Amino acid sequence: LIVHSGYEWAGALAAEIKGLPHAAVSIGARIPANIAHLVYARHYRDLRQYFNLPPDEERQELTRWLELSFMPPEWAIPGYETHPTEHFIYPAIYGRPDQEGTQPSWTDGLPPQPTIYATLGTVFNGYPGIFTAIIQAFQQMDLNLILAVGPGHDPGQYGKQPANIRVESFVDQSAILRKAAACINHGGVS
């Protein structure tokens, strides 16, 4: 089995050359097949011919086995059609999206104004300067900020904050997002 990104076809092509099944994993919005076909068709056709593979003008080989997508179908680019081997999934380690988390009691102490939630997840949080810039921006606004800095960061390193800013290592996203008017994030899959 070869597992590859849904945006690259080399893994699928290598699997077909070796006679192996393959699975695509997509972490972004899906591109409609007609658009992808226009962009990649000639190169894909040339590579198949080079490796003595049968023609696949409809790109059936790319979706024959399995495709796992972290983005919900509603987030697809207009014109995208799902296919029988496509399955929509979510990271189970964070809990089901339909389960309600409990908001921390400190959220009741935030000023009565819109709340913005900000996070860079657990991978892209390695740039503390971005957190500092977000905090500085919200110190000048009539908005609340809940900032989750993730593992490896001590919320105390950002100093004492005014009542409208709360810096935490971790918050229950499902609970905080119900309170938030908007979310600033890095575009991750969770």
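Contact here means heavy atoms within 4.5 Å.

**Figure 1. Overview of the predicted model.** This structure is a predicted model. Among contacts between residues at least 6 apart in sequence, 58% join residues at least 24 apart. The protein has 4 helices and 8 strands. Read from the N terminus, its elements follow the order β-α-β-α-β-β-β-α-β-β-α-β. There are 190 residues, and buried ones make up 35% of them. The accessible surface comes to about 11,500 Å². Carbon and sulfur atoms account for 59% of that surface.

**Figure 2. Helix H1 and the residue that follows.** Helix H1 covers residues 10-18. Its buried residues are Gly-11, Ala-12, Leu-13, Ala-15 and Glu-16. Ile-17 also belongs to H1. Ile-17 counts as partly exposed, because its relative accessibility is 38%. Just after the helix comes Gly-19, with a positive phi of about 70°.

Figure 3. Side chains of opposite charge can pair when their charged atoms come close. The protein has 2 salt bridges. One of them joins Arg-48 to Glu-16. Their closest N and O atoms are 2.6 Å apart. Arg-48 sits in helix H2 (residues 33-50), and Glu-16 sits in helix H1. The two partners are 32 residues apart, so this pair links distant parts of the chain. Arg-48 is buried, with a relative accessible area of 3%. Glu-16 is buried too, at 16%.

**Figure 4. A salt bridge between Arg-166 and Glu-168.** In this view, the side chains of Arg-166 and Glu-168 meet in a salt bridge. The N to O distance is 2.6 Å. Are the two partners buried or partly exposed? Arg-166 has 31% relative accessibility, so it counts as partly exposed. Glu-168 has a relative accessible area of 18%, so it is buried. The cut-off for buried is under 20%.

**Figure 5. A nonpolar patch on the surface.** Four residues form this patch: Ile-17, Leu-47, Tyr-50 and Phe-51. Together they have about 410 Å² of accessible area. Tyr-50 counts as exposed, because its relative accessibility is 63%. Phe-51 is partly exposed, at 37%. Ile-17 is partly exposed as well, at 38%.

**Figure 6. The aromatic pair Tyr-50 and Phe-51.** A pair of aromatic rings is described by the distance of the centres and the angle of the planes. The structure holds 2 aromatic pairs. In the pair of Tyr-50 and Phe-51, the ring centres are 4.9 Å apart. The ring planes stand at 90°, so the pair is edge-to-face. Tyr-50 and Phe-51 also belong to the nonpolar patch on the surface.

**Figure 7. The aromatic pair Phe-131 and Tyr-158.** The rings of Phe-131 and Tyr-158 have their centres 6.2 Å apart. Their planes are at 85°, so this pair is edge-to-face. Where do the two residues lie in the chain? Phe-131 is in helix H3 (residues 128-138). Tyr-158 is in the loop between strand E6 (144-148) and strand E7 (165-168). The pair links distant parts of the chain, 27 residues apart. Phe-131 is buried, with a relative accessible area of 0%. Tyr-158 is buried, with a value of 12%.

Figure 8. Strand E6 is mostly covered, with 5 of its 5 residues buried. Asn-144, Ile-146 and Ala-148 point one way from the strand. Leu-145 and Leu-147 point the other way. Strand E5 (residues 115-119) runs parallel to E6. The two strands are joined by 5 bridges. Within this pairing, Tyr-117 stands opposite Ile-146.

**Figure 9. Leu-120 and its contacts.** Leu-120 lies in the loop between E5 and H3. Leu-120 has a relative accessible area of 10%, so it is buried. Which residues does Leu-120 touch, leaving aside its neighbours within four places in sequence? Its contacts are Asn-125, Ile-130, Phe-131, Ala-148 and His-186. Leu-120 and Ala-148 are 28 residues apart along the chain. Their C-alpha atoms are separated by 7.7 Å. Ala-148 is one of the buried residues of E6. Phe-131 is the helix H3 residue that pairs with Tyr-158.

Note on methods. Residues numbered from 1 in each chain as written. Predicted model: local features only at pLDDT ≥ 70, side-chain atom pairs only at ≥ 80, totals over all residues. Heavy atoms only, no water. Phe/Tyr/Trp six-rings, centres within 6.5 Å; stacked < 30°, edge-to-face > 60°. Buried < 20%, exposed > 50% of the residue type's maximum accessible area, 1.4 Å probe, protein only. Patch = residues over 30% accessible without salt bridge, like charges linked within 9 Å, V, L, I, M, F, W, Y side chains within 5 Å. Areas by Shrake-Rupley, 256 points an atom, 1.4 Å probe, with all protein chains shown as cover. Pairing = 2+ DSSP bridges.
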